[in-house]
Amino acid sequence: MENNFWATAVLFTPLIGLIPLLFLTRGREERIKWIALAFTLLTAGVTLIMLVQFDPNNAGMQFVHYQEWFKVANFPISYHVGVDGLSIWLIVLTAFIMPLAVLFSLTHVKDRQRLYYSFMLILEFAMIGVFMAQDLFLFYIFWEVSLVPMYFLVGIWGSEQRIYAAVKFFLYTMTGSILMLLAILWLGTNLGTFNVTEIISRVGEVAKTGKSIFPDSTTEALLFLGFFIAFAIKVPIWPFHSWLPDAHVQAPTAGSVILAGVMLKLGTYGLVRFCLGFFPQASVNAAPIIAILAVIGIIYGAWVSYAQTDVKKLVAYSSISHLGFVVLGIFALNAAGISGATLQMVNHGISTGGLFLLVGMLYERRHTKAIDAFGGVWKLMPVFSGLSLIITFSSMGLPGLNGFVGEFSILLGSFGSSTTGWFLTALATTGVILAAVYLLFMWNKVFMGEPKVATADAHGDAHGDAHGHDDHGAHEDAHAANPYTPLTWNEGTALAVVVIAALIVGLFSAPFFRYMDASSAAYAEHVGPYITNSTTAATTSTSQQITVPETAAK
């Protein structure tokens, strides 16, 4: 097969941007942020070129670039990347979110700019690599590399308890990663390859014979758990979620945008690509339990969001609720559910990324995240409030905006699934209502009523950073009477782009589904025989239980 270099071009563009950043001479530091912005925009441009060339009717890997890297004994390790309908929109999402994060940072990050923007570019490189890697060894490298820049972004530019949050984030994700590494080693050792597409193909071929590539069901279940726990922590699925609120609250605004917008999707992506792809029987067996955890997360996340007094923590808990829908759609194990879940990954990145942007902009003006400290923002910043209202509605899932389409497809797939069913779907729909409750509660407290500006600094902020990084820069008292200064050009641009994206996906969703439908159908077909077998086995078992008493009676 002839190599196609478009995927490699997208992957390495952010890394190339590191060269001028690292070698820019002193006295020219002001150019650093513009170079970082230029390379994130260049990455987005190259990604769009790749998107235009993508064939939506092809369920297989496209833009494949394969090169043997090295061998360990007889095990080949390769540089193997590619893109399909499952990953194409997640790569586009990454290329979309990163310029927004850099845009916000232009006027709010003053210290250690070279280091800050270097971490941003490395993080973009690693996240795109996770979505493209088709070799398990390569995938694991990208997966681990993505932890490092986020750890430092939180730990250096975060709030008062940033070290605690960064260490907690790192330890949680590393624990899951070790379990996944053990599963990867077993697969490579026993199957003789780390090639992702080859392993999925072998599983599918053996399934046609009614057998399995694993020695027994227990082995498959343990390997499934190794991958699942790593991804469940990253999503996070309840009850693996406790690291997320701390990380979000303590992270700088751009860090929260990237964490919610892209990094959490590494987990949901892995659930489809690896759990469903490698372990279809274990996925079918575990689907009802995972669906229950997803529904608990939907309701729990929404309920706890309503109880928050910190606006950033409210948005953080909302992610647990929204991503519960994504997990529910994945383990509906049908094309509608998987397509809806994939689109909702993108939608969540747009909506929740936008929410963290607006929370960051409010914080920069009031130096507090306490909901009760705000009020009447609509009267003081009408343009900002109008944009914020649309982003809030998109997170609620209002028809006509991006959130509605994905949630509807997920609920449609879940309702018709034998692994989830109507009852869990009915419970999940309460999350839609609760989302409206906590988001409108937040909106009413922050934007409506009379302005609270006389005590702009009275509330303080328990999360302030004495070093003045990102969200914590020192401001003059000139605006003490009215701290709500107009949006800067970069803030307005970032919010406007989010609003436009929410409208485009909400009103013109057909092209988005068209690009992912073939791959979603392929994964649904991949697990389909195992659903049939499980249903047949359950029916047979029930039939035997019914007929035994009759035989005994005779």
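Me: A crossing is called left-handed if the near helix is turned anticlockwise from the far one by less than a right angle, and right-handed if it is turned clockwise. In this predicted model, is the crossing in which α14 passes α18 left-handed or right-handed?

Reply: Helix α14 covers residues 311-330 and helix α18 covers residues 402-415. Their axes come within 9 Å of each other. The crossing in which α14 passes α18 is left-handed.

Me: Which word describes how α14 and α18 are oriented to each other?

Reply: The axes of α14 and α18 cross at roughly 40 degrees. Angles under 35 degrees count as roughly parallel, and 65 to 115 as roughly perpendicular. The two helices, α14 and α18, are therefore oblique.

Me: How many charged residues does the contact of α14 with α18 have?

Reply: On the side of α14, the contact is made by H322, F325, V326, L328 and G329. On the side of α18, E407, I410, L411 and S414 take part. By class, five of the residues in this contact are nonpolar and three are polar, and the number of charged residues is one.

Me: Which term describes α5 in relation to α7?

Reply: Helix α5 (residues 113-132) packs with helix α7 (residues 147-157) at an angle of about 150 degrees, and their axes are 9 Å apart. Because angles over 145 degrees count as roughly antiparallel, the term for α5 in relation to α7 is roughly antiparallel.

Me: How many nonpolar residues are in the contact of α5 with α7?

Reply: Helix α5 passes α7 in a left-handed crossing. The contact is formed by L115, Y116, F119, M120, I122 and L123 of α5, together with P149, M150, F152, L153, I156 and W157 of α7. No polar and no charged residues are found among them, and the number of nonpolar residues is twelve.

Me: How many residues of strand β2 are buried?

Reply: Strand β2 spans residues 75-83 and is mostly covered. A residue counts as buried when its relative accessible area is under 20%. Of the nine residues of β2, the number that are buried is seven.

Me: What is the bridge partner of F70 in β2?

Reply: Strand β1 (residues 62-72) and β2 run antiparallel and are joined by eight bridges. Two residues lie between these strands in their hairpin, where A73 takes a positive phi near 60 degrees. The partner of F70 in β2 is I77.

Me: Does F63 count as buried or exposed?

Reply: F63 is found in strand β1. Most residues other than glycine have a negative phi. F63 is not a glycine, yet its phi is positive, at about 55 degrees. At 8% relative accessibility, F63 counts as buried.

Me: What is the phi of R112, which is not a glycine?

Reply: R112 lies in the loop between α4 (88-105) and α5. The phi of R112 is positive, at about 50 degrees.

Me: What is the omega of the cis peptide bond from W238 to P239?

Reply: Most peptide bonds are trans. P236 is found in the loop between α10 (217-234) and α11 (243-250), and a cis peptide bond with omega of about -5 degrees joins V235 and P236. The place of P239 is also in the loop between α10 and α11. The bond from W238 to P239 is cis, with omega near 10 degrees.

Me: Does T40 count as buried or exposed?

Reply: T40 is found in helix α3 (residues 32-53). Leaving out residues up to four places away in sequence, T40 touches A95, M98, P99, V102, L121 and E124. At 1% relative accessibility, T40 counts as buried.

Me: How far apart in space are E364 and Y484, C-alpha to C-alpha?

Reply: E364 has its place in helix α15 (residues 335-366). At 4% relative accessibility, E364 counts as buried. E364 and Y484 are 120 residues apart in sequence, and their C-alpha separation in space is 9.1 Å.

Me: By what distance are the C-alpha atoms of L507 and V405 separated?

Reply: L507 is found in helix α20 (residues 489-507). With a relative accessible area of 53%, L507 is exposed. L507 and V405 are 102 residues apart along the chain, and their C-alpha atoms are separated by 9.0 Å.

Methods:
Residues numbered from 1 in each chain as written. Predicted model: local features only at pLDDT ≥ 70, side-chain atom pairs only at ≥ 80, totals over all residues. Heavy atoms only, no water. Axes fitted to C-alpha atoms, helices over the stretch in contact; angles between N-to-C directions. Helix = DSSP H or I, 4+ residues; strand = E, 2+ residues; numbered from the N terminus. Contact = heavy atoms within 4.5 Å. Nonpolar A, V, L, I, M, F, W, Y, C, P; charged D, E, K, R; others polar. Buried < 20%, exposed > 50% of the residue type's maximum accessible area, 1.4 Å probe, protein only. Pairing = 2+ DSSP bridges.
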